[in-house]
Amino acid sequence: MRPDPDQKIDIKAIPAWRITGGLGSLFWWFLPIVYGFFALGGVTERWPIIVLTILVVLNTILQATLIPSIRWRRWSYQIDKHEIYLQHGIFIIRRTLIPVNRIQHVDTRQGPIMRSFDLSSVTITTAATTHEIPALNDEVADEVRNRISDLARAADQDV
Amino acid sequence: MKSETESQILPEQPTRMSEPRRQHPVAALTSTLRTLRELLIPLVLVFFLGSGRDDGLFSNPYYISIFITFLLVAGIVKWMRFTYRVEDDELRIEYGLLVRKRSYIPRHRIQVIDISSGILQRMFGLVSLNVQTAGGGAEEARISALTLEDAQWIKTNLSRNGDAQPDDETAEDQEPAKPEYSLSWNTLFLAGTTSGSFGIALSIVGTIFAQMNAVVDDGIILDLIDSFAGTSATFFILIGAGLIFVAWVLSIVGTILSYANFEIYKRPAELVIARGLFEKKQITIPYSRIQAVRIQEGILRQPIGYCTLFVDSAGYGEQSGKSTVLFPMLKLSQAEDFIRTMVPDYSRETDLVKPPARALRRYIIRTMIPFAALIGLFYWLFPFGHWALLTIPVAVTLGYYRYKAAAAGHDDNTMTIRYRNLAKTTAFVKRHRIQSVSGWDNWFQRRRGLKSLTVNIASSDTGASFNALDFEADTVLDYVEWVEPNYLSKARQEKTDEEQQLDSDKTSAAERLIDPGF
């Protein structure tokens, strides 16, 4: 049986995710707000406002504190000659294998918040699925991308 | 220069097709009908759902006729602007009203040329010609109405091995005499009565019926209800039974229309399926495109020992990959033989592993969750919603049978996954067709040492996946590893390592035995 993948992603992922996760979770605030309009207008009951508010505030707090560090601890990857292993997940832990000769293309991308932390993510695409290794240091991400693409090309010639 | 010499190879009438020519005018009609058919479902929906209001665009026959005239004119314009010719070993099609599009398909890119004929074409003694190319993109070309003679000429001159083996071509023309498997009328009828499209038909009939309220005067319906002296419950049951019967008849008719004359042929590198009552449809599936084979035992078919076979294929031509019915209705006992004949690569008898007994609870709970949501909704919405609680035993039973069906196994190169949603499905996937594989567990599964497996293959735009849920964690991790491209050689290596280890143990033991100092 294989041990867990041996590479970790960049530790700066934690502060970066605190920002993206915290900001992203603000989206859900629309739920109590919209519901509040209806409830205060007398259309429906009022008590769910409190429940919804607690839930979205709790979500924002967790996204900005605990979740990024759990997510970072759970993320690992390993690039071998013939296959790539990814393992990640908070509630559902998922170990994924991508055979290198099935890879169609691989690229790096970077959002504005990730850029301020010098982080990029590597995206691996097969004919059926897309996988992402998030939050690698820019140089590491380039290196990983080049390595995967070299391996994929070599594997193509094998077949 | 090269193309000139090649065009001289064309037998006899090299110039015959080199002039741009139009299709037979019937093409205008067939293209109109095709557009109408593609729009059929949205049109029906707009017509029936929109008829509640008077200003509904399609509730008025006047608007409908304008709409159809418009489509017809569009069809005629399309026909006028569409030309085809064969030149320099290429099929050259030009079309488009304002933007002229040219689609030149060289012979070596052409994979299959199919000649078929729908009911309209047959009325005029015409055929339609379909060209499928290798590789993706919208390269498929279709000439919808031309004479059989012209179609044959194009086929002979543009088939990839057209000039190399002209004898083979004529042999291929006679080939339809010998399908490998065909569907008898009895089995076809049986397939119709047990078809799964039943539910779809029911929802269409239901929608139409619901709209009758709007079309027919409310008073009439009330009178009708009054005329039933019995309680309103009897009335609803009668109506329900009537709807189900109509839906059932519709699904039989639908199955017969699409699967009548079903025949499957085997060619060296591909499978050819022909089917259809009025409109003959021909589907070609190159072996090299097959991603998975599935045996599906529908809930109505399983009790009588029948199944349906599907094949998932990656995209070629216009279709970007999809699942195709390999055979609509087959005795389960014959499925093994069928696969051995038609897709021999997938013929396997693998020992299957089952999920452990402690997974049963998870199967039942997983099945009950959507039911619980529906029950809650019914309870909330309808006064008689508590009747929905009766579906709980149904959910438990279904969960139990899902558990019973679940199984997985692999041999050297093929993985088998069996699961049940409603129908029990057994899927066969080759290792080198697996795009990615995941073993995963959530918090509850972790506590019980269970994992689930997801295998992704390339079929349709988004890809398809097969799941083996709640197996022993170690089994799932082993299956994930099995997908590694060099799993086999690695497994062999480990085995020889073990043997060597064993050997050296033996020798050292033997050495120790003869060691006088011991």
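**Entry 1**

I started at B:Val293 and looked up its bridge partner, which is B:Val311 in β12(B). The strands around this pair are β11 (residues 290-297) and β12 (residues 306-313) of chain B, and six bridges hold them in the antiparallel sense. I call two strands paired if DSSP finds at least two bridges between them. Helices (H or I, at least four residues) and strands (E, at least two) are DSSP runs, numbered from the N terminus.

Before going on, I noted that this is a predicted model, where local features need pLDDT of at least 70 and side-chain atom pairs count only at pLDDT 80 or more, while totals for chains, interfaces and linings use all residues. Residues are numbered from 1 along each chain as its sequence is written, chains are lettered from A and ligands numbered from 1 in the order in which they are written, and side-chain values use heavy atoms, with hydrogens and water left out.

Next I traced the whole sheet: it is open, with six strands in the order β13-β12-β11-β16-β15-β14 (chain B) and antiparallel pairing. At its edges I found β13 (322-331) and β14 (407-410) of chain B; each has a single partner strand, so one side of each has no neighbour in the sheet. On average, neighbouring strands here are turned by 15° against each other, direction ignored.

Then I checked which helices lie across the sheet. Helix α12 (residues 332-342) of chain B lies across β11, β12, β13 and β16 (424-430) of chain B, at about 125° to β13(B). Helix α16 (residues 473-482) of chain B lies across β14 and β15 (414-420) of chain B, at about 40° to β14(B). For these angles, axes are lines fitted to C-alpha atoms, for helices over the stretch in contact, and the range is 0 to 180 degrees between N-to-C directions. Contact means heavy atoms within 4.5 Å.

**Entry 1: aromatic rings**

I found 14 aromatic pairs over all chains. Rings of Phe, Tyr and Trp (its six-membered ring) pair if their centres lie within 6.5 Å; planes under 30 degrees apart are stacked, over 60 edge-to-face, and the rest tilted.

B:Tyr181 and B:Phe327 are edge-to-face, at 6.1 Å centre to centre and 65° between the planes. This pair links distant parts of the chain, with B:Tyr181 in strand β7 (residues 181-182) and B:Phe327 in strand β13 of chain B, 146 residues apart. B:Phe327 is buried, at a relative accessible area of 2%. My cut-offs are under 20% relative accessible area for buried, over 50% for exposed, and partly exposed in between (1.4 Å probe, protein chains only).

I also looked at B:Tyr259 and B:Phe262: their ring centres are 6.1 Å apart with planes at 50°, so the pair is tilted. B:Tyr259 is buried at 19%, and B:Phe262 is buried at 0%. Ring pairs link B:Tyr181, B:Tyr259, B:Phe262, B:Phe327 and B:Phe338 into a cluster.

Two charges over rings went into the notebook as well. The charged end of B:Arg22 sits over the ring of B:Trp79, 5.5 Å from its centre, and that of B:Arg92 sits over the ring of B:Tyr104, 4.6 Å from its centre. The test is NZ of Lys or CZ of Arg within 6 Å of the ring centre and within 35 degrees of the ring normal.

I found β2(B) antiparallel to strand β1 (residues 83-87) of chain B over five bridges, with B:Thr83 opposite B:Glu94. Six bridges join β2(B) to strand β3 (residues 101-106) of chain B, again antiparallel, and here B:Leu91 stands opposite B:Ile105.

The hairpin of β1(B) and β2(B) has two residues between the strands, and B:Asp88 takes a positive phi near 50°. The hairpin of β2(B) and β3(B) has five residues between the strands, with B:Gly96 at a positive phi near 110°.

B:Asp470 has a phi near 60°; the residue is in strand β19 (residues 464-472) of chain B and is buried at 0%.
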